[in-house]
Amino acid sequence: MDYLIRFGFSIEDIKNMMDTNIYINSVSDTNVKKLIDILEKCDCTTVQIRDILLCNPFYLNQEINTVKETIKYLEKFGFKKLNILFGTNPYLLNLNCLEISEIINTLKDKKASVEEIIDYFNYNLVI
């Protein structure tokens with residue numbers, strides 16, 4: 001949790017996150033840093049990262065490779081502004097490629113276009 005403090009989270013923020021996700025205690029600072037680095041590579045600002053983690057502290061328990069694969073999948077599908085996507089839909093970071101693919105395929109079955117699918121993810125909370 002030291003990295004979260006160095007990043008700018010208050011003790012109260014971290015306590016609130018731990019109240020929501022009791023498993024945060026077992027996450028190493030190295031993994032926390034790597035997960036935050038991933039968000040920074042998606043052009044998330046410090047404020048966006050703070051909001052994402054406060055809203056979705058479960059992100060800190062995600063496997064780094066799974067998150068990277070999910071981001072590649074989203075980019076390949078056509079998502080461009082991942083910082084905005086994750087800012088408005090932080091729980092999306094808890095899903096893996098298969099889970100996202102299932103949602104996309106369900107929307108495709110309903111004849112949704114790529115643009116409509118992207119809009120769906122941008123404007124609907126996906127949990």
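Predicted model: local features only at pLDDT ≥ 70, side-chain atom pairs only at ≥ 80, totals over all residues.
**Thr 70**

I started at Thr 70 and found it touching Leu 95, Asn 96, Cys 97 and Ile 100, leaving out residues up to four places away in sequence; contact here means heavy atoms within 4.5 Å. Thr 70 sits in helix 5, residues 64-77. Helices are DSSP runs of H or I with at least four residues, strands are runs of E with at least two, and both are numbered from the N terminus. Buried or exposed, at 5% relative accessibility? Thr 70 is buried, where buried means under 20% relative accessible area, exposed means over 50%, and partly exposed is in between, with a 1.4 Å probe and protein chains only.

Numbering runs from 1 along each chain as its sequence is written, and side-chain values use heavy atoms, with hydrogens and water left out.

**Helix 3 against helix 5**

From helix 5 I went on to its packing with helix 3. I get an angle of about 5 degrees, with the axes 10 Å apart. The axes are lines fitted to C-alpha atoms, for helices over the stretch in contact, and the angles run from 0 to 180 degrees between N-to-C directions. That makes helix 3 and helix 5 roughly parallel to each other; under 35 degrees counts as roughly parallel, over 145 as roughly antiparallel, 65 to 115 as roughly perpendicular, and the rest as oblique.

Which residues in helix 3 and helix 5 meet? From helix 3 I noted Asn 31, Lys 34, Leu 35 and Ile 38, and from helix 5 Ile 64, Val 67, Lys 68 and Ile 71. By class, the residues of this contact come out as five nonpolar, one polar and two charged. Nonpolar covers Ala, Val, Leu, Ile, Met, Phe, Trp, Tyr, Cys and Pro; charged covers Asp, Glu, Lys and Arg; the others, Gly among them, are polar.

**Helix 3 against helix 4**

Next I checked helix 3 (residues 29-41) with helix 4 (residues 46-55): they pack at about 130 degrees, with their axes 10 Å apart. These two are therefore oblique to each other. I also looked up the hand of the crossing, and it is right-handed, meaning that the near helix is turned clockwise from the far one by less than a right angle, with anticlockwise being left-handed.

Ile 36, Leu 39 and Glu 40 of helix 3 meet Ile 49, Ile 52 and Leu 53 of helix 4. I put that contact down as five nonpolar, no polar and one charged residue.

**The buried side of helix 4**

Gln 48, Ile 49, Ile 52 and Leu 53 are the ones I list as buried in helix 4. They lie on the same side of the helix, because they cover an arc of only 125 degrees around its axis; the arc is that of the directions from the helix axis to the C-beta atoms. What covers them? I find that the cover includes helix 1 (2-7), helix 2 (11-20), helix 3 and helix 6 (82-88).

**Val 32**

Back in helix 3, I picked Val 32. Val 32 is buried at 1% relative accessibility. Its contacts, again skipping residues up to four places away in sequence, are Tyr 3, Leu 4, Val 27 and Leu 60. I also looked up Val 32 and Leu 92: 60 residues apart in sequence, 18 Å apart in space, C-alpha to C-alpha.

**Helix 8**

In helix 8, I have Ile 117, Ile 118 and Phe 121 down as the buried residues. They fall within an arc of 100 degrees seen down the axis, so they line one face of helix 8. Those buried residues pack against helix 5, helix 6 and helix 7. On the other side of helix 8, I find Glu 115 and Tyr 123 exposed.

**Two positive phi values**

Where is Asp 43? I place it in the loop between helix 3 and helix 4. Asp 43 is not a glycine, yet its phi is positive, near 70 degrees. Asp 43 is exposed, with a relative accessible area of 57%.

Lys 111 also went into the notebook, with a positive phi of about 70 degrees although it is not a glycine. I find Lys 111 in the loop between helix 7 (97-109) and helix 8 (114-123), and at 72% relative accessibility it is exposed.
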